[in-house]
Amino acid sequence: TQAHLDAMAKARVLNAYIRETPDRALAMAEASDRKIASGEGRPLEGIPLGIKDLFCTHGVTTTAGSKILETFEPHYESAVSANLWRDGAVMLGKLNLDEFAMGSSNETSAYGNVVSPWRRKGSDTQIVPGGSSGGSAAAVAARLCLGATATDTGGSIRQPAAFTGTVGIKPTYGRCSRWGTVAFASSLDQAGPIARTVRDCAILLGSMAGPDPRDTTCTDLAVPDFEAAVSRGVKGLTIGIPKEYRVDGMPAEIQKLWDEGAAWLKAAGATIREISLPHTAYALPAYYIVAPAEASSNLARYDGVRYGLRVPGKDIAGMYENTRAAGFGREVKRRIMIGTYVLSAGYYDAYYVRAQKIRTLIKRDFEAAYAAGVDAILTPATPSAAFGIGEKASADPVEMYLNDVFTVTVNMAGLPGIAVPAGLDGQGLPLGLQLIGRPFDEETLFAVAQVIE
Ligand code: GLN
């Protein structure tokens, strides 16, 4: 813990942590020492972790990367972080993220962007760590924690993991409790870990997951022994390669890596099969209707009364307006406007209902592939390697949204997905592959990812 606190102090230029909690970390580490000394060590005893600042932590500010929650100090602990402390883990601090987890580069945080520890060969251009869990990914990659919690609504665990050469898994919707995690789009949000190895992810997810009556969408299924699944191998498994993921303009090196990934799995005993997921192209536009719709509803609670910031106005409506105008950043306001529009009476059927129908078709595409005997699906994690800070934060937000083309399908269908580092591009930046699994079959994903790692 002390070594990590020292490393954090030396790496503040990365801006990975919004808040460091050294006193709490050392107290937790000392408690762990006592447990170990008395022979009562728990599964994660003394393991120092970073917590994405979207998970409520009792008595420690939880900002969601937003100014509107700058002073919000929860008097409760999120289910996921509570599970980690139950198992003996140590909290180093709260990790930076895109505001309310809306973004793909960690450039929308009210607390400044996160800098990836990676650089292009022979260049000192600062690189984004991806987002929204950019602080989590950068901290793991820079050795500022042994593992981190993260959340994924449309790719926010897998894309930053791919951009930083780390491993990240978004489990099946319902595997982890959402209780005490700041909501973005409730039907898509899932917590999961980012860590250095597949095995570390398996161990962390085993602790984070589990039934919770406080989240009615959380499964009652017992948590499997994920760590044991890591070394199962891929013999006898059928891996699907979806042809619709071969998108226009994808760099040749990503196509090459994808082919190599399939070849490695084949060499290890898997059968490779070309498959079709015909509604793939509609996933991104449908996601950017469903996610803002749910966000506009979830974010209605930040009214200047119940949480954090309040900016006075001439009457109560004026107070609401002033608080939300000052408290939310540009991207969050854009999502609230889009969401309110697609849910409005005149447009509800044309946008929201249609997007929900597309969501069902996407889910059925996957169900058909799995029913035909596919055990897991291999795709690239992202359509490019990480980009430079400012390079895509342009006037056109769609440029940024296109980053999520390979990851949003998984959230729309509620499936588990893992990103695993698979190589470097010509400029020396990491590239990741994604594996998509059957519902509640994270074990197969760990086994297949381990072969690629
Ligand atoms: N980049 C996507 C978005 O901005 C996904 C974010 C996420 O998964 N939290 O909505």
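**Close-up views of a predicted model**

**View 1. Glu391 and Arg120 meet side chain to side chain in a salt bridge, 3.3 Å from N to O.** A salt bridge here is a side-chain nitrogen of Lys or Arg within 4 Å of a carboxyl oxygen of Asp or Glu. Glu391 sits in the loop between S9 and helix H13 (397-401), and Arg120 in the loop between S3 and helix H4 (134-141), so this pair ties together parts that are 271 residues apart in sequence. Helices (H or I, at least four residues) and strands (E, at least two) are DSSP runs, numbered from the N terminus. Glu391 counts as partly exposed at 44% relative accessibility, whereas Arg120 is buried at 15%. Buried means under 20% relative accessible area, exposed over 50%, and partly exposed in between (1.4 Å probe, protein chains only).

A word on the model: it is predicted, with local features needing pLDDT of at least 70 and side-chain atom pairs counting only at pLDDT 80 or more, while totals for chains, interfaces and linings use all residues. Residues are numbered from 1 along each chain as its sequence is written, and side-chain values use heavy atoms, leaving out hydrogens and water.

**View 2. Two further salt bridges involve Glu227 with Arg199 and Glu260 with Lys256.** In the pair of Glu227 and Arg199, the closest N and O atoms are 3.6 Å apart. This pair links distant parts of the chain, with Glu227 in helix H7 (residues 226-229) and Arg199 in helix H6, 28 residues apart. Glu260 and Lys256 meet at 3.4 Å, N to O; being 4 residues apart in helix H8 (residues 252-267), they are separated by about one helical turn. Glu260 is partly exposed at 28% relative accessibility, and Lys256 is exposed at 54%.

**View 3. Glu77 lies in the loop between strand S2 (48-52) and helix H3 (79-86).** With 15% relative accessibility, Glu77 counts as buried. Its side chain reaches the backbone nitrogen of His58 at 2.8 Å, and a polar contact of 2.7 Å joins the side chains of Glu77 and Trp85. A polar contact is a pair of N or O atoms within 3.5 Å; within protein, one must be able to donate a hydrogen and the other to accept it, and residues adjacent in sequence count only if both atoms are side-chain atoms. As for H3, 6 of its 8 residues are buried, so this helix is largely enclosed by the rest of the structure. Among the buried residues of H3 are Val80, Leu84 and Trp85.

**View 4. Asp375 is placed in the loop between helix H12 (348-371) and strand S9 (376-380).** Asp375 counts as buried at 17% relative accessibility. The side chain of Asp375 reaches the backbone nitrogen of Thr238 at 2.8 Å. Leaving aside neighbours within four places in sequence, its contacts (heavy atoms within 4.5 Å) include Tyr370, Arg438 and Thr444.
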